[in-house]
Amino acid sequence: MARILGVDIPNGKKIKVSLTYIYGIGDSRALEICAKAKVDPEKRTSDLDQNELAAIREVGIKYTLEGDLRRDVAMDIKRLQEINCYKGIRHRKGLPVRGQRTKTNARTRKGPRKTIANKKVEAK
């Protein structure tokens, strides 16, 4: 496994896919990094030589990735919570932040259903 920016990326995949294993790099940024490093994005990670890996590392250092990006996101959420804005309150309560409905959906944020006794409504 090749190690780029502190992350082991898989050898059997194309470099454009392998780079997406790094937090903060998606499809478009992976292609951008390959272009700036002058590496063929269709090439397998195992086929890259040390010079190409070094070029990818040099380009990748210019972006905020992995631990720094995670810390920045966490600090942004913490700031929202401290100033008691609507989004911060939603983060604190574990509810959807961006205006989604919560009556029937939002199971990802709210977790599994908690059954409440005698809550069943009879049809008239």
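Student: How many salt bridges does a search of the whole structure find, and what counts as one?

Tutor: A salt bridge is a side-chain nitrogen of Lys or Arg within 4 Å of a carboxyl oxygen of Asp or Glu. By that rule, a search of the whole structure turns up seven. Bear in mind that this is a predicted model, where local features need pLDDT of at least 70, side-chain atom pairs count only at pLDDT 80 or more, and totals for chains, interfaces and linings use all residues. Residues are numbered from 1 along each chain as its sequence is written, and side-chain values use heavy atoms, with hydrogens and water left out.

Student: Which residue does glutamate 32 pair with, and where do the two lie?

Tutor: Helices (H or I, at least four residues) and strands (E, at least two) are DSSP runs, numbered from the N terminus. Here, glutamate 32 bridges to lysine 36, with the closest N and O atoms 3.5 Å apart. Both sit in helix H2 (residues 27-36), four residues apart, about one turn of the helix.

Student: What separates arginine 70 and glutamate 66 along their helix?

Tutor: About one helical turn, because they are four residues apart in helix H4 (residues 66-82). Arginine 70 is partly exposed, with 43% relative accessibility, and glutamate 66 is buried at 19%.

Student: What about glutamate 52 and lysine 43: what is their N to O distance?

Tutor: Their side chains meet in a salt bridge at 3.0 Å, N to O. Glutamate 52 is buried, its relative accessible area being 16%, whereas lysine 43 is partly exposed at 27%.

Student: Which residues are linked in a network of salt bridges?

Tutor: Lys14, Lys16 and Glu42 are joined in such a network.

Student: Let's turn to serine 18. Where is it, and what does it touch?

Tutor: Serine 18 belongs to helix H1 (residues 15-18). It is buried, with a relative accessible area of 0%. Contact means heavy atoms within 4.5 Å. Leaving aside residues up to four places away in sequence, serine 18 touches Ile9, Pro10, Lys13 and Thr45.

Student: Now the whole chain. How many helices and strands does it have, and in what order do they run?

Tutor: The protein chain has six helices and two strands. From the N terminus on, the order is β-β-α-α-α-α-α-α. The radius of gyration is 22 Å, well over the 14 Å that the globule rule gives for 124 residues, so the protein chain is more spread out than a compact globule. That radius is taken over C-alpha atoms, and the rule is 2.2 Å times the number of residues to the power 0.38.

Student: What box do the C-alpha atoms fill, and what share of the residues is buried?

Tutor: Taken along the principal axes, the box is roughly 70 × 35 × 20 Å. Buried residues account for 27% of the 124 in the protein chain.

Student: What share of the contacts joins residues at least 24 apart?

Tutor: Among contacts in the protein chain between residues at least 6 apart in sequence, that share is 45%.

Conventions
Buried < 20%, exposed > 50% of the residue type's maximum accessible area, 1.4 Å probe, protein only.
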